[in-house]
Amino acid sequence: MSVEARPLPGPPGLPLVGSMLTFAQRGVFDTFGQLHAEHGDLARLRLPGGKVAVAVAHPDGVERILRERRQNYIKGSSYDPIRLITGTNLVTAEGAAWAWRRRLAQPAFTREGVTKLLAAMGDSIDAMVERWARLYADGRPFDLQRELVALTMRIVGRTLFGVELAGEGAESSGRAFDAALSIVHARGAASVALPLAIPTPGNLRLRRALATLHREVDGIIARARAGEGEETLLSALLHASDPETGAALDAVQLRDEVIMLYLAGHETTATLLTWTFWALARAPAAVDELLAEADQGGEPGPVTPALFESLPWTRQVLQEVLRLHPPAPLVPRTVVEDDVIGGYRIPAGAHAVILIHLLHRHPEFWEAPAEFRPERFADAAIAGQHRYAYLPFSAGPRTCIGNTFALWESQLALARILRRFVVELDPKAPLRLAASTVHRPAGGVIARLRAR
Ligand code: HEM
């Protein structure tokens, strides 16, 4: 490490609790937003127990973490809160334990793999569109976000697990996951966290939330086992063995894998679609071209990947929504050895947190960053952009495995919905963000439909 490296700027924080009080009062997004506004693209927060969070919002720093020195920035203890809820799985594992899981899951998520899932995606979308036509075409208000969560969950159920999942299961497990996460974060902020077995009120609530999640996921696995042997990612997991032990995955390993795929695979995409309708209500100029593409490509029936090439504006709209409202805005890593980024000392043991939402609005890299301009994602326009200035799915080996899945699913859903309906949202309706790792509206988004 260079001896000239400077210490990172940041607020003093209180002894023992660091800046955790600010986190508790203002929420994680506002805390990092304020830190960035006051101290710039690389800054540090003090955490309890002498730990430090390093917030990174410059593409060069992000490239260092995700590419150049990626072995030095592991998921490590930064992922402990998620691990406490979901155990060891494709998202949380590291090293060899991660690599075999990625190899096993990868075929389902390549272009060829997702192509095989398009028929089921299309069927689920068409069924929703028909239901909307029956229930909401008269213009009565409904909770669009809730509908989109149910849709993406049904798609994950059909495509990855080969089972039909109903909306109530998603809602109660979504709530259980959020509850578990907030308790786990509170444990992280406490100076002493008692083991789960000790029945403190927080531990009891956590155990109840985990029981709800486990019930839902155990039900999925039982139904998949009893199914007709359809080849899905879950059936591959049912037949997989752990390369270290050679044994089939036990019940807990299976559950940990399914729980994570279930959560990672639906809420993020539902959030992207929700923000898309929210953004379109404020950008009517972007809608005409979308409707033209939907009329061409949004009819029900078989889908091939060629369809997605014929919906370029739809893709650009989604990319712009992912820029302004990235569903996964914080990518955390643990620093293994001291490093230097941009002349600043990055201490071993720190949590390096990539602030995707601020990176995406960095004024050096984006013209008029707060404006909704899908034209910036036209192939020619985006060609000169810094590779690490736009990372809704992260980058490097731990990049989102589901990115093609999510984009195709969203393009298809948008085209088929817009072919049938004008979706109206009140552009003045206030919006509150949920306290979740997914950057999404809290308490639903109300919409009305008009048949086209
Ligand atoms: C718009 C939708 C989505 C967004 C914005 C998104 C975002 C992300 C991001 C940022 C990461 C990296 C996290 C990190 O490195 O700390 C990630 C990883 C992951 N995502 Fe997604 N995701 C989306 C959809 C999906 C879908 C549909 C699936 C599965 C069906 C999925 C499964 C995963 C998995 C398994 C990982 C971990 C990959 C690994 O570490 O090897 N995601 N996602």
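Reader: Which strand order does the open sheet have?
Author: The open sheet of 5 strands runs S1-S2-S8-S5-S3, with mixed pairing; strands are DSSP runs of E with at least two residues, helices H or I runs of at least four, and two strands pair if DSSP finds at least two bridges between them. This is a predicted model, in which local features need pLDDT of at least 70, side-chain atom pairs count only at pLDDT 80 or more, and totals for chains, interfaces and linings use all residues. Residues are numbered from 1 along each chain as its sequence is written, and side-chain values use heavy atoms, without hydrogens and water.
Reader: And which strands are at the edges?
Author: Strand S1 (42-46) and strand S3 (73-74), each pairing on one side only.
Reader: How do S5 and S8 pair, parallel or antiparallel?
Author: Strand S5 (330-335) and strand S8 (351-355) are antiparallel over 5 bridges. Arg-333 has Ala-352 in S8 as its bridge partner.
Reader: Moving on, at what angle do H13 and H18 pack?
Author: Helix H13 (287-297) packs on H18 at about 95 degrees, the axes being 8 Å apart; axes are lines fitted to C-alpha atoms over the stretch in contact, and angles run from 0 to 180 degrees between N-to-C directions. The two helices are therefore roughly perpendicular, a term for 65 to 115 degrees.
Reader: What is the protein donor of the iron atom?
Author: The only one is Cys-400 (SG), at 2.3 Å from the iron atom of the ligand; donors are N, O and S atoms within 2.8 Å of the metal (3.2 Å for Na, K and Ca). Cys-400 lies in the loop between helix H17 (379-382) and helix H18 (403-420).

Technical notes. Angles under 35 degrees count as roughly parallel, over 145 as roughly antiparallel, 65 to 115 as roughly perpendicular and the rest as oblique.
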